Amino acid sequence: MHEQIVVAGALISHGVLLVAQRARPAELAGLWELPGGKVAPGESDAEALARELHEELEIRVRVGARIGSDVTLSNGMTLRAYRVTLTDGTPQPHDHRALRWVSAAELDDLPWVPADRGWVPDLLAALRSNRARST
């Protein structure tokens, strides 16, 4: 059986990170995550992430370096996160209940989906390095 890869994008702009609030399934509704989706057969991680973020948020992005480690999900899926840079558009919550920009100080207190929580230290480091570069 081929493992299913799921990709997530860490969009950092002006020292804050874009997070998306799940609308479904019921057990994850209301929790926050990095937006993204499943890699289709024949697609690279970067192609899938760019496509998913365009479909879900109406934005175009450039996919950069990995963030954090792979997260193994119970259903045979593997979750991966990447830094993304906004190249066009303004994020719109088509597939989510809400979107919000959060600072490094807010990350730890956010009610994350369990799979994404492990990336918080990596996201904090990325936010801090981004802030250091942009000042």
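Student: Why is Val-113 called buried?

Tutor: Val-113 has a relative accessibility of 5%. Buried means under 20%, so Val-113 counts as buried. Keep in mind that we are looking at a predicted model.

Student: Where does Val-113 lie, and which residues is Val-113 in contact with, leaving aside neighbours within four places in sequence?

Tutor: Val-113 is in the loop between α2 (104-107) and α3. Leaving those neighbours aside, Val-113 is in contact with Arg-22, Leu-28, Leu-31, Trp-32 and Glu-33. Take Arg-22: it is 91 residues from Val-113 along the chain, yet their C-alpha atoms are separated by 8.4 Å.

Student: Why is Arg-100 called partly exposed?

Tutor: Its relative accessible area is 31%. Buried is under 20% and exposed is over 50%, with partly exposed in between, so 31% makes Arg-100 partly exposed. You will find Arg-100 in strand β7 (residues 98-102).

Student: What makes the pair Arg-100 and Glu-106 a polar contact?

Tutor: Their side chains make this contact at 3.1 Å. Leu-17 is 83 residues from Arg-100 in sequence and 8.1 Å away in space, C-alpha to C-alpha.

Student: What lines the largest pocket, by class?

Tutor: The lining has 13 nonpolar, 5 polar and 8 charged residues. Of the 26 lining residues, Val-6, Arg-22, Leu-28, Glu-33 and Leu-73 lie nearest the centre. β1 (4-13), β4 (36-38), β6 (77-88) and α3 (114-117) each supply at least two residues of the lining. About 590 Å³ of space lies in this pocket.

Student: Which element has the lowest mean pLDDT, and which the highest?

Tutor: Helix α4 (residues 120-134) has the lowest, 82, and strand β3 (residues 32-33) the highest, 98. The protein chain averages 93, and 95% of the residues score at least 70.

Definitions and conventions: Residues numbered from 1 in each chain as written. Predicted model: local features only at pLDDT ≥ 70, side-chain atom pairs only at ≥ 80, totals over all residues. Heavy atoms only, no water. Buried < 20%, exposed > 50% of the residue type's maximum accessible area, 1.4 Å probe, protein only. Polar contact = N/O pair within 3.5 Å; in protein donor to acceptor, adjacent residues only side chain to side chain. 1 Å grid on protein atoms, 1.4 Å probe; cavity = no way out; pocket = protein on both sides within 12 Å on 5 of 7 lines; lining within 4 Å. Points joined across faces, edges and corners; volume = space filled by probe spheres on them. Nonpolar A, V, L, I, M, F, W, Y, C, P; charged D, E, K, R; others polar. pLDDT = per-residue confidence, 0-100. Contact = heavy atoms within 4.5 Å.
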